[in-house]
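Reader: I've just opened this one and I'm new to it. Could you walk me through it?

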Amino acid sequence: MKIETYSCDECGSLRRESNHWWMISQIRWPNVTGYCILPWCDSGDRDVLVHLCGLECIQRRLSKLLSPHREEPHAKES
Ligand SMILES: [Zn+2]
């Protein structure tokens, strides 16, 4: 049996069975990039951009993704 542990891409928490986690997936259309927020799902991992442990982390990550400096998604905010 394969056991995988995920950590939150925003705060670094480790995922446990009881947690209600979320994923953000990137959607590319011609000339535009969008984001899709999904409840945790163990399949379909390929298109997932980030794994997040809760609403707070979703909000933090979305504010980064949707900021004008979208071309630098890994830049740290001060
Ligand atoms: Zn988190």
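Reader: How many residues lie between β1 and β2 in their hairpin?

Author: A quick note before the answer: this is a predicted model, where local features need pLDDT of at least 70, side-chain atom pairs count only at pLDDT 80 or more, and totals for chains, interfaces and linings use all residues. Residues are numbered from 1 along each chain as its sequence is written. Strands here are DSSP runs (E, at least two residues), helices are H or I runs of at least four, and both are numbered from the N terminus. β1 and β2 form a hairpin, and the number of residues between them is 2.

Reader: What is the phi of N31, and is N31 buried or exposed?

Author: N31 sits in the loop between β1 and β2. Its phi is positive, about 70°, although N31 is not a glycine. For burial, count the other C-beta atoms (placed from the backbone) within 10 Å of a residue's own: 20 or more is buried, 12 or fewer is exposed, and in between is partly exposed. N31 has 5 such C-beta neighbours inside 10 Å, so N31 counts as exposed.

Reader: How many bridges pair β1 with β2?

Author: Two strands pair if DSSP finds at least two bridges between them. β1 covers residues 22-29 and β2 covers residues 32-39, and they run antiparallel. Within this pairing, W29 has V32 as its bridge partner, and M23 stands opposite L38. The count of bridges between β1 and β2 is 8.

Reader: Which residue in β3 does I24 stand opposite?

Author: β3 spans residues 48-52 and is joined to β1 by 4 bridges, in the antiparallel sense. The residue of β3 opposite I24 is V50.

Reader: In what order do the strands sit in the sheet, and which of them stand at the edges?

Author: The 3 strands make an open, antiparallel sheet in the order β2-β1-β3. One side of each edge strand is left without a neighbour in the sheet, because each has a single partner strand; the edge strands are β2 and β3.

Reader: What angle does the direction of α1 make with that of β3?

Author: Angles here run from 0 to 180 degrees between N-to-C directions of axes, which are lines fitted to C-alpha atoms, for helices over the stretch in contact. Contact itself means that two residues have C-beta atoms, placed from the backbone, within 7 Å. α1 packs on the sheet and touches β1, β2 and β3, and its direction makes an angle with that of β3 of about 145°.

Reader: What pattern does the chain follow along the sequence?

Author: The secondary structure comes to 1 helix and 3 strands. Read along the sequence, the pattern is β-β-β-α.

Reader: Which residues make up the largest nonpolar core?

Author: A nonpolar core is a set of buried Ala, Val, Leu, Ile, Met, Phe, Trp, Tyr and Cys residues joined through C-beta atoms within 7 Å. Buried residues make up 9% of the 78 residues in the chain, and β2 has 0 buried among its 8 residues. The largest core has 6 residues: C8, W22, M23, L52, C53 and C57.

Reader: Is N19 exposed or partly exposed?

Author: N19 lies in the segment before β1. Its C-alpha is 7.2 Å from that of C53, 34 residues away in sequence. With 14 C-beta neighbours inside 10 Å, N19 counts as partly exposed.

Reader: And L14, which residues is that one in contact with?

Author: L14 is also found in the segment before β1, and with 10 C-beta neighbours inside 10 Å, L14 counts as exposed. The C-alpha atoms of L14 and L52 are separated by 9.9 Å. Leaving aside neighbours within four places in sequence, the contacts of L14 are T5 and S7.

Reader: Which element has the highest mean pLDDT?

Author: pLDDT is the predictor's confidence in each residue, from 0 to 100. The chain's mean is 82, with 77% of its residues at 70 or more. Among the elements, β2 has the lowest mean, 89, and the highest, 93, belongs to helix α1.
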